[in-house]
Amino acid sequence: MAWLVLVISGLLETAWAIALDRSAGFSRLVPSVIFVATLLLSMAGLAYALREIPVGTGYAVWVGIGAVGTALIGMLALGESASLPRILCLLLVIAGVVGLKVFH
């Protein structure tokens with residue numbers, strides 16, 4: 001259960017990062033509210049998962065999921081560069097996250 005919560009929390013990290021960008025420095029209400037809600041849920045899920053998963057592994061997986069998710073949304077929906085080197089780097093992050101889970 002802890003791993004499922006950790007993955008969901010990582011996805012919520014992606015949501016709060018995108019909402020933070022869209023909040024325009026907290027000048028837009030709806031993205032700002034989404035940011036706060038998803039940030040709180042993401043942190044609560046991470047805290048829950050860390051009761052069973054070592055902090056180094058849990059935090060690295062959480063950040064990895066959030067970073068890859070945010071980068072993918074940036075590339076697919078926000079017009080950021082989707083160059084081959086960037087995609088290869090994201091694959092390396094994914095390999096690291098999978099490795100941390102496998103060797104847990």
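How many aromatic pairs does the structure hold? In this predicted model, the structure holds 3 aromatic pairs. A pair of aromatic rings is described by the distance of the centres and the angle of the planes.

When neighbours within four places in sequence are left aside, Tyr59 is in contact with Leu46 and Leu50. The C-alpha atoms of Tyr59 and Leu46 are separated by 7.6 Å in space, and the two residues by 13 positions in sequence.

The packing of the helices was examined next. Two packed helices are described by the angle between their axes and the distance between the axes. Helix H1 comprises residues 2-22 and helix H2 residues 29-49; their axes come within 8 Å and cross at roughly 155°. H1 is therefore roughly antiparallel to H2, since the angle is over 145 degrees. The crossing of H1 past H2 is left-handed. On the H1 side, the contact involves Ala2, Val5, Leu6, Ser9, Leu12, Glu13, Ala15, Trp16, Ala19, Leu20 and Arg22. These residues meet Pro31, Ile34, Phe35, Thr38, Leu39, Leu41, Ser42, Gly45, Leu46, Tyr48 and Ala49 of H2. By class, the contact of H1 with H2 consists of 16 nonpolar, 4 polar and 2 charged residues.

H1 also packs against helix H3, which spans residues 55-77; the two axes come within 8 Å and cross at roughly 40°. This angle makes H1 oblique to H3, because it lies between the limits of 35 and 65 degrees. The crossing of H1 and H3 is right-handed. From H1, the contact draws on Trp3, Leu6, Val7, Ser9, Gly10, Leu11, Glu13, Thr14, Trp16, Ala17 and Ile18. Their counterparts in H3 are Thr57, Gly58, Val61, Trp62, Val63, Ile65, Gly66, Gly69, Thr70 and Ile73. The contact of H1 with H3 divides into 12 nonpolar, 8 polar and 1 charged residues.

Backbone geometry was then considered in the loop between H1 and H2. Most residues other than glycine have a negative phi, and most peptide bonds are trans. Ala24, which is found in this loop, has a positive phi of about 50° although it is not a glycine. With a relative accessible area of 44%, Ala24 is partly exposed. Phe26 is also placed in the loop between H1 and H2 and has a positive phi of about 65°, again without being a glycine. Phe26 counts as partly exposed at 49% relative accessibility.

Technical notes
Residues are numbered from 1 along each chain as its sequence is written. This is a predicted model: local features need pLDDT of at least 70, side-chain atom pairs count only at pLDDT 80 or more; totals for chains, interfaces and linings use all residues. Side-chain values use heavy atoms; hydrogens and water are left out. Axes are lines fitted to C-alpha atoms, for helices over the stretch in contact, and angles run from 0 to 180 degrees between N-to-C directions. Helices (H or I, at least four residues) and strands (E, at least two) are DSSP runs, numbered from the N terminus. Angles under 35 degrees count as roughly parallel, over 145 as roughly antiparallel, 65 to 115 as roughly perpendicular and the rest as oblique. A crossing is left-handed if the near helix is turned anticlockwise from the far one by less than a right angle, and right-handed if clockwise. Contact means heavy atoms within 4.5 Å. Ala, Val, Leu, Ile, Met, Phe, Trp, Tyr, Cys and Pro count as nonpolar, Asp, Glu, Lys and Arg as charged, and the others, Gly among them, as polar. Rings of Phe, Tyr and Trp (its six-membered ring) pair if their centres lie within 6.5 Å; planes under 30 degrees apart count as stacked, over 60 as edge-to-face and the rest as tilted. Buried means under 20% relative accessible area, exposed over 50%, partly exposed in between (1.4 Å probe, protein chains only).
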